[in-house]
Amino acid sequence: MVPRRFISNFDAWFIIVVLMILGLGVLSIYTVTYVVSSKAHLSIYSKQVIWIGLGLIVFFAVAAIDYHELARWSPFLYAGGVALLILVLLVGRTGMGARRWLSLGFFDLQPSEWIKLVVILVLARYFSTRSRLQGLTVRELILPAVGVGIPLLLVLKQPDLGTALVLLFIFAVLVFLIGLRSRTVGFSILLSLMAFPFIWEIFWSVLKPYQRNRLIAFINPAIDPMGRGYHALQSKIAIGSGGFFGKGLFGGTQSQLKFLPEGHTDFVFSVFAEEWGFLGVLMLLVLYFLLIWWGIDVAYKAKDHLGVFLAVGVVSMLVFYLAVNIGMTLGVAPVVGVPLPLMSYGGNSILTTMSGLGLLLNIKIRRFMLFY
Amino acid sequence: MDLYTSSDNPRELQNRLGYLMIGIVAIFVALLLRAWYLQITKGNYYREQSENNRVRVVSIQPSRGLIFDRHGELLANNVPSFNLYLVLEDIADKKALLDELARLIQMDRAEMDRKIRSRKNNVPYMPVKIKDGLSLKEVALIESHRMDLAGTLLEPEPQRNYLYGSLAAHLLGYVGEISPAQMQESDNSEVLPGTSVGQNGVEKTYDIHIRGEVGQKIIEVDAGGHEMKVLRVQEPASGNDLYLTIDLNVQKAAEEALGKDAGTIVAINPRNGEILAMASHPAFDPNQLSRSLSPADWEALASDPSHPLTNRATQGQYPPGSTFKLVVSSAALESKEVKADEQINCTGGLLFGRRVYKDWKRGGHGLMDLHSAIVQSCDVYFYEAGRRVGIDRLADYAFRYGLGQPTGIELTSEKSGNVPTPQWKMRAKGEPWYPGETLSASIGQGFVTVTPIQLANLIGTVAMSGVRYQPHLVKAIRDRATGRLFEFPPVQIGRVVLAEETFNTIRQGLSGVVSEPHGTGAAARSKIISIGGKTGTAQVVEMKAGIETKSLPKEFQDHAWFIAFAPVEDPQIAVAVLIEHGGHGGETAAPPAKRVIEEYLKNGAPQIHQQL
């Protein structure tokens, strides 16, 4: 089924890179949670290891099914995904001011994490049939815009700002890739300008006060409502105090003394950077860069347009998360609360990222296959 | 159309992939440069900050919204208060510091230890409040010893201040530090530990509107924990202001009229359900409760046998006594079991089964029609009326008037009273209903209990010919940020549908109670306003025949009721007065009712829509 001989050395390296990042993530999670997790049934880091195990299974499973098949199913996946997003708004579990999760007993499903992959599938399917030199017409842009718009509004309603922004980003990158006719560009700009006040109104009204504060705090840190700048400040102190060589495992005073909130989820990079220093940051960024590079390479060598768009969709998702999460911890992006792919604790994030990577491998191993 | 067969290599896309890669490289380089800047360029600065944990976050408490009466008279505001905090991690020698502090501000060491132990969170460097409301002398003492007192923090913070002390204490409530249980409530998800929140009355019910938003300042401190530099400040946002429905002057009149007696007065506008006054004695001083109370003081207050913390208006459940005859009259007339002009002979008692049900007047009232039976509060007449109507229909009318259920006023822990039915008795006592119990219920004794606010609402409903409004305490909320006023419109919650003739007959009876020569409520007669009302006497203990209750100790004497409305021809106010162990309603409960009514109506009927 899986054409094993197509897995090149390069792909083996890629899998090693992924495992290294995952390992560094578990290590960081372990150092900040080993104290508190003694009374829980399962410690946080061992749960993360289980998620990673499941993630690897999902990774190979997604790689095994021909991506043309996945694209064929994408309308159904899309309908199911949107239905789940609506279900979340109706019966979802609320946590930290947002309604994001469906309780399945053993697992809290977060449909907004999965909808990103589904949106990548439907967009890639649509764009792959309309790829030509002149670019898209206005009419051709309407359907994908609506297709992204529906889940985008639904996740905003939860509210889940991070997912909404990544959907927008993926859409923008794919549109950039396929190109627009000059008339379409002009029309889009005009329409955007006209629609902006309304969109902004909707956008602003669904945000929780703390989210508005974060945005305001980012645009104008001097205002800094509710001291949200506190997170960013403590994160900067943690990273900066790591210096060149870092403080060593368990040596991070910021994270160990709990000055740093969310050390195992959104701010896991700060924990890592405090312990490993600039040297570690450099190493980690190189690992992530190798991952992205491999993704772009997959797109470059893909057999058909569908493969290109799928690969670029996954890559842009990863790049967005890396840039926003790490930027946030470094104090150069707003605190929007997105996970760091492969490192932050969380089943949904690990599984969806691994699925995305599986999709990349999927495209890679089928680049020489004839279409049947 | 072939979906995926563009099998030629997508060359035209590859240029764009190149641009994309350039963008990605730029992002990675930017992140790396930023990390370099933080970790290498400013590495020493941040290392120092992390080692000394120089950065602290201090909450700035907001001002709670002000509370006004209906005319904009201030009832509660905030005054500055100096509070003393300890930052445990900054203390070098805890015992020495606490001893020194105990000496300086005369504070019990055990009390200090208790406060330190009670720190719930394990957030390091979170200040723990040790004492609030420090005197200026104590502040000066601590400031002058500041260098020896590393780890102490003096914060000027707003303290709730109730201008009239115990006036309307139960309806205003008080504030206090949020409890761990309250932290779990969804409304309080963003409240930080140590914050003051409403603990009773409208302070509690409307807390989310008036609490404001906590501000924060991020400060850099020296090794002793003293503030050296303010890095960032987020000012707190004041809470919204409350405009209550009560009228300060009427409230004052009610408080004075109650005096030292244990009891309660509720005054309500029957046209919209606005509470005009609500007094409950004995009361407490919310100023005292809003400061941190020692467990001993709290225990003393909570276990005080006179129950000062209980709001008797909404939480006191008493037998209604003869005031219940309004319900019996309604049921008897509507069911046509009794005609208004039918005469029943009162001989001082009614033989029913093997027992004589006695009238309060020895020798009886003679021939009574409904009007004179209400005026003179003839028990025998109502025994007979109740017997004919039966307990089920009596209970039905009681429920229609809102008895047996909370009124839904915006105060916590409101009681519902009890309207007995045979089913209820079987459930609660496991016994069948005895026919004689219907007779007891007909004069408001036995198992019937009501709260004073229910009775105020009941007579208001009679005054308004059956229209019932939701009693409420807040007239409007003013948004501090925009200055906009959000008014609460009156809410009609139902209508007791009786013939207008029935209401007229009852109202004429109520008017006679006060104005006619034999009326039991003559003490409420006013020179300036026509008042209608009904007296009531609620038995505390069952009396053996022939014993004058007045000769008994105070705690065995009956509770006195008077419920009233005025003016009779154009009702503007409904009042319920209950004096615990006050004896006969006509003597002790009627004068306070008159006083409150006169205070409210002395300048003629007030406009319903007043300028705030």
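## Conventions

Helix axes are lines fitted to C-alpha atoms over the stretch in contact, and the angles between N-to-C directions run from 0 to 180 degrees. Helices (H or I, at least four residues) and strands (E, at least two) are DSSP runs, numbered from the N terminus.

The model is predicted: local features need pLDDT of at least 70, side-chain atom pairs count only at pLDDT 80 or more, and totals for chains, interfaces and linings use all residues. Residues are numbered from 1 along each chain as its sequence is written, while chains are lettered from A and ligands numbered from 1 in the order in which they are written.

## Helices α4 and α6 of chain A

In chain A, helix α4 (residues 111–128) and helix α6 (residues 161–178) have axes that come within 10 Å and cross at roughly 15°. α4(A) and α6(A) are therefore roughly parallel to each other (angles under 35 degrees count as roughly parallel, over 145 as roughly antiparallel, 65 to 115 as roughly perpendicular and the rest as oblique).

Residues are in contact if their C-beta atoms, placed from the backbone, lie within 7 Å. On the α4(A) side the contact includes A:Lys116, A:Ile120 and A:Phe127, and on the α6(A) side it includes A:Val166, A:Ile170 and A:Leu174. The contact residues comprise 10 nonpolar, two polar and one charged; Ala, Val, Leu, Ile, Met, Phe, Trp, Tyr, Cys and Pro count as nonpolar, Asp, Glu, Lys and Arg as charged, and the others, Gly among them, as polar.

## Helices α4 and α5 of chain A

The axes of α4(A) and α5(A) also come within 10 Å, crossing at roughly 175°. That makes α4(A) roughly antiparallel to α5(A). Among the residues making this contact are A:Ile115, A:Val122 and A:Tyr126 of α4(A), together with A:Leu143, A:Gly147 and A:Pro151 of α5(A). By class, there are 10 nonpolar, two polar and no charged residues.

Helix α5 (residues 138–157) of chain A has 20 residues, which at 1.5 Å a residue should span 28 Å; its end C-alpha atoms are 28 Å apart, which agrees. The expected span is 1.5 Å times one less than the number of residues. Buried residues of α5(A) include A:Leu141, A:Val148 and A:Leu156 (buried: 20 or more other C-beta atoms, placed from the backbone, within 10 Å of the residue's own; exposed: 12 or fewer; partly exposed: in between).

## Glycine 23 of chain A

A:Gly23 lies in helix α1 (residues 9–33) of chain A. A:Gly23 is partly exposed, because 14 other C-beta atoms lie within 10 Å. The C-alpha atoms of A:Gly23 and A:Met343 are separated by 8.2 Å, although these residues are 320 residues apart along the chain.

## Chain B

Chain B contains 23 helices and 23 strands. Of its 612 residues, 46% count as buried.

How values were computed. Two residues are in contact if their C-beta atoms, placed from the backbone, lie within 7 Å.
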